[in-house]
Amino acid sequence: MMVSIIAYLKKTNFLKVFLLFCFFSEQIFAGEIFIKDISFKKNKKISYLILNHDVNFSGDALLALNKGIPIRIRMSLKIKEKNKFWLDKEIFSEDKFYQLRYRNLFNKYQLNFNGEKTIYLDNIDDIKSKLYNLEWNLGEINLSDTSEVNLIIGLDQSKLPKSLLINLNDESWDMKVVLNKSYKELF
Amino acid sequence: MKYIITSFALIGLSLLIFLAKSLSNSDLISSESFRALIFFNAFFIFGLIILIALQIYKLFQNIKKEIVGSRLTLRLVLSFTLMVIIPVFVVYLVSFNFLTKSIDSWFNVKVESALQGGLSLGQKTLEILMKDIELKSKSISYSYGNARKDDRRALLFDLRQKFGISEALVYDQQKNEILEIASDQYKEIPQLPSSDDLLKAENGFFVKLVESDDTIFLRAYVPIKYHENITKKYFLEVTQPIPSAILNVALSVESVFDEYQQLTYSRTSLKIIYILTLTLVLLLAILSAVATSFVISRRFSSPISQLADATRSVAKGNFKKIIPDQGKKDELGLLVQSFNSMTVQLNQATLMANKSRKSLEQSKAFLDSILTNLSSGVIVVEKNLEIILSNIEAYKILECDSDFFNGNLNKLIKANKEFNEIVLFIKNFANSNKNQFIEKEHKILFNKKEKIIRIQVNKIKNLGKVLFVILMDDITEVTKAQRHQAWSEVARRLAHEIKNPLTPIQLSAERLQMKLKGNLSAEDNIILNKSTDTIVDQVESLKVMVNEFADYARSPQLKKESIQVYDFIAKIVDLYSSNNIKFTFSKFNKSLNIVVDKNKLRQVFINLIENSIDALEKIKEPEIKIAFYKKNNLLIFDFIDNGDGIPEDIIHRIYEPYVSSKIKGTGLGLAIVYKIIEEHDGDITIINNKQRGVKVTFSLPYNEE
């Protein structure tokens with residue numbers, strides 16, 4: 001396998017190799033959490049962001065989850081109104097999180113939203129289904145083409161036990177995705 | 001640098017405390033900041049290593065430059081470092097071993113089995129509770145479905161109470177509404193069951209966990225089958241809380257199990273993190289201690305270095321060096337004060353010594369000046385004739401190098417054997433017990449030239465030591481002058497006393513011859529003539545002698561005039577052209593003029609030529625060479641003949657009257673020559689040629705006027 005890859009790399013030029021590297025590196029770093037879809041809806045002046053994202057646990061992260069280590073996913077949403085000649089105006093900013101934990105007593109996964117609502121689920125797929133179409137109440141804001149949406153979803157490493165910090169260089173822990181697009185680009 | 005090191009040490013200590021606290025107290029520092037803390041510590045350690053390396057480099061540079069105190073600082077630093085490293089390293093090894101064994105001891109099969117068993121117990125209990133709620137819900141559902149329509153509500157309430165269920169409700173899926181609710185206490189309308197839950201319940205039973213108000217409930221869904229075979233779908237929802245006593249125990253077991261699982265998972269990480277922390281603590285402790293040891297070592301070595309530096313300065317003669325007194329009352333402070341006091345005293349003593357030395361030097365310079373300018377030679381010797389002082393005039397008089405005056409006086413004999421007499425004279429006096437001084441004139445030959453030296457030896461006592469001061473004067477010229485003076489006086493008297501009666505004697509003899517010429521017999525006549533002739537001849541001789549004496553005694557009044565030297569000498573030589581002597585001129589310049597008393601200079605040349613003629617009488621090829629030439633401000637005359645020369649025993653006294661190698665000579669010729677040259681402020685030397693003959697060299701001051 002490796003021999004064939006090297007043989008291929010020898011035949012191809014540097015530009016191709018670089019492009020391939022860029023492509024794969026994007027896949028690696030965006031890997032574990034990725035945003036499938038994002039949309040906005042408005043209901044009686046109240047705007048909602050509908051977030052559809054997926055979380056894939058693998059390697060050490062999955063092992064830690066199954067050992068009962070709580071894993072918190074933090075979501076940070078900022079919406080700015082772009083100004084051409086002045087500083088951007090932040091019209092919305094809110095942090096949310098949900099925490100996953102395997103409960104050995106119940107043999108179930110516990111999903112908790114913002115420390116309030118707790119549900120118990122049989123497997124990770126059930127969790128993923130619960131994460132489908134998350135609604136984010138934005139309140140009464142007016143979104144325009146000049147609005148810029150900045151969404152960061154990532155593993156909150158600060159909530160992990162200290163002993164794990166030493167292993168955080170493992171790629172499986174590098175769970176983070178950043179979305180920074182204008183409202184116009186999204187729709 | 002001192003403040004930097006102190007700051008570093010303080011920061012290191014703070015980090016050390018933070019690190020230790022963060023391990024024991026999770027709330028104090030978050031996981032994220034803990035990682036930052038570890039990195040910061042590592043970075044700080046790196047900084048400390050660089051700082052220490054710089055310090056070591058600086059210290060070695062100081063040692064290389066031989067800065068005082070740097071070696072002491074190095075020793076102190078090494079001592080402090082060893083004092084810290086050895087115990088801390090031992091503690092580290094023990095802690096390392098203890099830590100790894102402690103962590104390993106946390107995990108063993110028994111503990112894991114016990115925890116697993118406890119958890120299984122909880123799980124089984126939960127299963128039993130689920131089974132219980134399943135039976136209860138199914139029983140209620142069956143009873144509710146088969147009861148008469150009117151009795152159903154009462155039955156639901158009755159069964160809920162009977163089974164000890166907290167809440168039971170009947171849900172109409174088609175209408176999506178709750179038909180019946182039986183609850184011992186509900187304040188708000190319960191949520192409608194989710195379609196997912198109902199879908200799962202369609203198979204007969206579904207139970208799920210619900211968490212509310214810190215209590216976990218079991219919520220079961222069972223389809224209701226009415227005996228009327230109604231096609232509509234009805235579901236029974238039964239909610240039963242897990243008994244708190246069971247739940248709390250089960251949750252605590254789960255909590256411990258989770259913790260154990262987490263520890264198991266992070267076993268290696270834990271080891272690494274604790275060892276890393278321990279290593280960081282060790283490094284921080286050691287490096288902070290080493291960094292601090294530089295400051296402490298410098299504090300210790302600083303006063304000692306200052307003392308050493310000051311001592312070096314004092315050794316080099318700088319007695320003004322004062323060490324700043326830092327007001328310390330310890331032994332070092334006392335040492336500094338004592339040192340300062342010592343240097344002040346030394347400085348005062350040195351100033352006094354310098355003053356004395358200057359005074360002594362001035363006295364010595366004064367004495368040297370006197371000795372140098374003294375016309376007499378001075379030599380100071382000890383009793384054993386060791387010379388302790390001599391002046392330049394002594395070297396000149398004795399015509400010796402100064403080297404001969406270093407050491408014993410006997411060394412002078414090596415320079416000239418003639419000095420033996422002088423040395424013996426001094427030695428005899430030194431060995432005698434005479435307290436007076438002695439004086440004696442010594443005639444010493446220097447290159448065939450006689451010198452009369454008057455030696456006076458004085459015995460003095462200086463600081464209890466007997467010294468002999470030898471004063472010597474070259475009295476050759478004085479003696480010569482005195483001798484000439486005496487001879488002049490004699491000559492003058494002779495000329496005066498003898499010349500006057502000579503003419504009457506001669507006339508009387510001639511008259512006697514003339515009167516008695518015819519009156520005597522032939523025999524008597526012969527005797528008369530012979531006697532009178534003898535008288536006349538002798539009178540003539542006496543006249544000549546008297547004239548020479550008169551010339552010698554004549555007063556030195558010179559009538560100087562300018563003459564052309566060559567013509568002057570040539571005319572004199574012409575007078576002797578009849579003689580069979582070859583006169584040769586060399587090294588001459590015909591145009592040379594000189595201002596002299598020409599009659600006296602003529603006398604000089606005549607006397608010299610006359611002397612040479614006498615000396616050349618028996619020479620086959622007699623020759624006289626005359627040369628004159630200018631040299632510096634002198635006109636030098638060389639007069640050389642190839643005669644018999646002058647006997648060596650009289651040549652050094654040849655200028656004296658009545659000293660002559662000739663049988664007939666009066667011995668006044670060269671004495672007159674010497675006197676004339678001396679009157680002209682000139683100089684004359686007479687030596688025998690190496691082969692034969694005499695060389696007379698005289699010089700006269702050259703004045704072109």
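In what order do the strands of the open sheet of three strands in chain A stand? The order is S1-S2-S7, with antiparallel pairing.

This is a predicted model, in which local features need pLDDT of at least 70, side-chain atom pairs count only at pLDDT 80 or more, and totals for chains, interfaces and linings use all residues. Residues are numbered from 1 along each chain as its sequence is written, while chains are lettered from A and ligands numbered from 1 in the order in which they are written.

**Chain A**

Chain A has six helices and nine strands; helices (H or I, at least four residues) and strands (E, at least two) are DSSP runs, numbered from the N terminus. Of its 187 residues, 18% are buried. A residue is buried if 20 or more other C-beta atoms lie within 10 Å of its own, exposed if 12 or fewer, and partly exposed in between, with C-beta atoms placed from the backbone.

Two strands pair if DSSP finds at least two bridges between them.

| Strand | Partner strand | Bridges | Residues opposite each other |
| S5(A), residues 108-113 | S6(A), residues 117-121 | five bridges | Phe113(A) and Lys117(A) |

The hairpin of S5(A) and S6(A) has three residues between the strands, and Asn114(A) there takes a positive phi near 55 degrees.

Asn142(A) lies in the loop between S7 (134-139) and S8 (147-155) of chain A. Asn142(A) is exposed, with 10 other C-beta atoms within 10 Å. Its C-alpha is 8.0 Å from that of Ser47(A), although Asn142(A) and Ser47(A) are 95 residues apart in sequence.

**Chain B**

Helices H8 (residues 267-315) and H9 (residues 331-373) of chain B pack at an angle of about 15 degrees, with their axes 11 Å apart. That makes H8(B) roughly parallel to H9(B), a term for angles under 35 degrees. Axes are lines fitted to C-alpha atoms, for helices over the stretch in contact, and angles run from 0 to 180 degrees between N-to-C directions.

Pro303(B), Leu307(B), Ala310(B) and Val314(B) in H8(B) meet residues of H9(B), including Leu332(B), Phe339(B) and Thr343(B). Contact requires C-beta atoms, placed from the backbone, within 7 Å.

How values were computed:
Parallel < 35°, antiparallel > 145°, perpendicular 65-115°, else oblique. Contact = placed C-beta atoms within 7 Å.
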